Amino acid sequence: MNMSDFQSLGLSKKLLQAVKNEGYTSPTPVQEQSIPPLLAGRDVLGVAQTGTGKTAAFALPVLQVMSRSRPQGKRFIRALVLSPTRELAAQIDERFSAYSEHLDIRHRVIFGGVSQNPQVRALQRGLDILIATPGRLLDLIGQGHIDITKVEFFVLDEADRMLDMGFIRDIQKVLKLLPQRRQNLLFSATMPTSISNLAGSFLKDAVMVDVSPKELTVEKIEQKIMFTRKSDKRTLLVKIIKEERVSKGLIFTRTKHGANRLVKQLDQSGIDAVAIHGNKSQGARTKALASFKKGNVPILVATDIASRGIDVEGITHVFNYDLPNEPESYVHRIGRTARAGRSGIAYAFCDDTESGYLVGIQQLIGKDIPVDDSHQFHYAGAIPKPGQKPGKIKDGKGGGRPRNRNRNKSRQGPKRGGNQSNQGNSNQGQPRRRNNQSRQKRQ
Ligand code: AMP
């Protein structure tokens, strides 16, 4: 494989140069399959998660088609990229910077949680490409600062996460404001019915590109499940971090409070850690992420949503401190390690309230995760019972958290691609739907 592979996709000289400068030697599968149809003007429906190179898969053709012709007069928004979280939006913007270095194209990212003034000023100067989170986008449209009626490319990234976060109405509002004639791209890590319905509502004759990495990712990563009591998780974690001298470890907790508490507890054990989650200010999140990326802090504690799309090189360990109640989240989480062919290890701690979640995860990945019972905290009571159903345990003993009367409903939650309901949104630990939505919109 060499650069000619990128060439054979039909990319222009300037973009080939940009790709070379990034050190990419050959296109990834999602790039190989998406770039030619996008250059030919087709809509694309891509099943791909972060880490597959999907950003370049849409950014390169968008840049190329846009630089073919440059309308006279003041710049206007010709491409709109919608992204669920600020981190991901910022990352996409950063990729556009890298790829458009030699092009006369202006792009900008906007998201909530920070002052709108610099964003408004940039919009007033004129932009070709806008990357945005839905809340801030609609806010600024409402204030008359953004006009999306001339958009030629509409990219909906991480569509499944968008729906999880309660953005469906916002997406529908945006769709209504877009012009009829345009090219569409939808990327999603999973393809539950809710996403295929959404895709069907606005994609036209789309080319389907599926690089869902379920087995692929999972195979490269060494996985271990450890059964333990909830009260022993913290000591077990500290022991592993110390014994394995973890220098770049990502720990997932189900809730924001859990993340904060764990950072404090690790600190008490002499382990330096930072947390990122939706309750932190944008500044605090950026700072925490930067110190983790640079290697100044060895441990990052995150909730699923906050961590979504974060691309940090060289993560050696992923810990599922709490098991996610959406099986798909497990695959996303462990996919943070073993990037680019490197090896990595993913530990999952399972207590007696979580065995049903483990059943769901193992059903999704199609195999049993190897059990490590060689530690002093092994607790057989947390092992799933024969024939146990996936999902929440009905009569969770010893710390089970029957939060509401809909338990039976949520037991059915973790089926394949069951992300569509907000209830499944474990990561923020907010059981009430309305709070959940408004809170997450601000992420
Ligand atoms: P993404 O899935 O778009 O978030 O990309 C994940 C990472 O892969 C980013 O750090 C990209 O810079 C990198 N990447 C994208 N395309 C390629 C490629 N063809 N070869 C090597 N790395 C790539």
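User: What share of the contacts with a separation of 6 or more is between residues 24 or more positions apart?
Analyst: In this predicted model, 76% of those contacts in the protein chain link residues 24 or more positions apart.

User: And how many helices and strands are there?
Analyst: The protein chain has 19 helices and 13 strands.

User: How much of the chain is buried?
Analyst: Of the 443 residues, 48% are buried.

User: Ok, the largest nonpolar core. How many residues, and which have the most contacts inside it?
Analyst: That core has 109 residues, and Leu300, Val301 and Ala302 have the most contacts inside it. Helix H4 gives the most to this core, with eight residues. At least three of the core's residues come from each of domain 1 (4-215) and domain 2 (217-442).

User: What does leucine 300 touch?
Analyst: Leaving out residues up to four places away in sequence, Leu300 touches Leu250, Val274, Ile276, Ala288 and Phe292.

User: Val274 and Ile276 are in that list. Which face of strand E10 are they on?
Analyst: Val274 and Ile276 are on one side of E10 (residues 273-276), with Ala273 and Ala275 on the other. Both faces are covered, and those four residues are all buried.

User: How does E10 run against E11, and how many bridges join them?
Analyst: They run parallel, with four bridges between E10 and E11 (residues 299-302). One of the residues involved is Ile276, whose bridge partner in E11 is Ala302.

User: New topic, the ligand. Which residues come nearest?
Analyst: There are 13 residues around the ligand, and Tyr24, Thr50, Gly53, Thr55 and Ala56 come nearest.

User: Which helix gives the most to that shell?
Analyst: Helix H4 (residues 54-68) does, with three residues.

User: What's the make-up of the shell by class?
Analyst: Seven polar, three nonpolar and three charged residues.

User: Now H16. Covered or open?
Analyst: Mostly covered: eight of the eight residues in helix H16 (327-334) are buried. Among them are the charged residues Glu328 and Arg333, plus Tyr330, Val331 and Ile334.

User: Last one, asparagine 260. Where is that residue?
Analyst: Asn260 is in helix H13 (residues 256-268).

User: How far is Asn260 from histidine 277?
Analyst: The two are 9.0 Å apart in space, C-alpha to C-alpha, and 17 residues apart in sequence.

Conventions. Residues are numbered from 1 along each chain as its sequence is written. This is a predicted model: local features need pLDDT of at least 70, side-chain atom pairs count only at pLDDT 80 or more; totals for chains, interfaces and linings use all residues. A residue is buried if 20 or more other C-beta atoms lie within 10 Å of its own, exposed if 12 or fewer, and partly exposed in between; C-beta atoms are placed from the backbone. Helices (H or I, at least four residues) and strands (E, at least two) are DSSP runs, numbered from the N terminus. A residue is near a molecule or strand if its C-beta atom, placed from the backbone, lies within 6 Å of it. A nonpolar core is a set of buried Ala, Val, Leu, Ile, Met, Phe, Trp, Tyr and Cys residues joined through C-beta atoms within 7 Å. Domain bounds come from an automatic or database domain assignment. Two residues are in contact if their C-beta atoms, placed from the backbone, lie within 7 Å. Two strands pair if DSSP finds at least two bridges between them.
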